[in-house]
Amino acid sequence: MDTRPPKGAPDQGAPDADLGLDPEFGLGDEDSQRIGLSVEGRALRAWRFGPDGAPALLVVAGVHGDEPSSVGGAVELGRRLRAGAVAAAGPVWLMPRLNPDGLARGQKNSARDVDLNRNFPAANFTTAHRPGYFPGDGPLSEPETAALAALIERERIGAVVAVHAPFACVNYDGPAQAWAQRVAAASGWPARGDIGYPTPGSLGSWLGVDRGLPVLTLELPPGPLDGFRDTCRVALDEALRVGL
């Protein structure tokens, strides 16, 4: 069982003002898809950058609503991709906000109090949980995770970066150690193959452990993005250089 309290903390900081007001995050609607709706009816949007016909890197953030820095970092990455200011090794799918209801409420879990990073169809999924980690009634029971899983199944996703907070490290699952070490060297945050507690039903367990895809969980430090904006940019830009 988990030995730490639920991730996230009140001092994670509010997202940039436009993240809560602009459903397109300033990225525009070109090359974007509304892939679903949250429990409370908020749009779940994903953007594609780069050519078709090749395996894509998926970058997903805002999985926990008390980690708004992850959304800010992902949105800024999208703006750099749109402007051609960062070179990716291949196509990129970007989903900056998986849990819009939690972000609107400033709470870790979804509107139904589900920890979305315990709701994926991993072999280690379990309904046993500590307070704060309710995994839902079953794998993909939540519209947010179901929408993301459908995107993964439909598109040629070859690797994943999940942006979280607040542990300031580069965690990895599947065959991603060398990739994690490159991102760690660029950012100064350590690479870790073990986050320190079990993660049943997590995205990394499902895609990295079960399916053998390279998965990075980029854990940002605690606090608002302004405190580590440049390092976050360096880490994400380096992550995009992975060859799939």
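Why does Ser-205 count as buried? Ser-205 has a relative accessibility of 6%, so it falls in the buried class (buried is under 20% relative accessible area, exposed is over 50%, and partly exposed is in between, using a 1.4 Å probe and protein chains only). Before we look around, note that this is a predicted model, where local features need pLDDT of at least 70, side-chain atom pairs count only at pLDDT 80 or more, and totals for chains, interfaces and linings use all residues. Residues are numbered from 1 along each chain as its sequence is written, and side-chain values use heavy atoms, leaving out hydrogens and water.

So where does Ser-205 sit? You'll find Ser-205 in helix 6 (helices are DSSP runs of H or I with at least four residues, strands are runs of E with at least two, and both are numbered from the N terminus). The side chain of Ser-205 reaches over to the backbone oxygen of Thr-199, at 3.0 Å. Skip the neighbours within four places in sequence, and Ser-205 is in contact with Ala-122, Asn-124, Thr-199 and Asp-210 (contact means heavy atoms within 4.5 Å).

Now take in the whole of helix 6, residues 203-210. Six of its eight residues are buried, which leaves the helix mostly covered. Among the buried ones are Leu-203, Trp-206 and Leu-207. And what does the covering? The cover includes helix 4 (143-154) along with strand 3 (56-60), strand 5 (157-164), strand 6 (169-173) and strand 8 (215-219). Just past the end of helix 6, Gly-212 has a positive phi of about 75 degrees.

Eight strands make up an open sheet with mixed pairing, in the order 1-2-4-3-5-8-6-7 (two strands pair if DSSP finds at least two bridges between them). Strand 1 (32-37) and strand 7 (191-192) are at the edges with a single partner strand each, so one side of each has no neighbour in the sheet. Further in, strand 3 and strand 4 (residues 92-95) run parallel, joined by four bridges. Here Leu-57 stands opposite Val-92 of strand 4.

Helix 4 packs on this sheet, touching strand 1, strand 2 (43-49), strand 3, strand 4 and strand 5. Look inside helix 4 for Thr-145. Is Thr-145 buried or exposed? Its relative accessibility is 0%, so Thr-145 counts as buried. Beyond its neighbours within four places in sequence, Thr-145 is in contact with Leu-116, Asn-119, Phe-120 and Leu-140.

Notes:
Polar contact = N/O pair within 3.5 Å; in protein donor to acceptor, adjacent residues only side chain to side chain. Axes fitted to C-alpha atoms, helices over the stretch in contact; angles between N-to-C directions.
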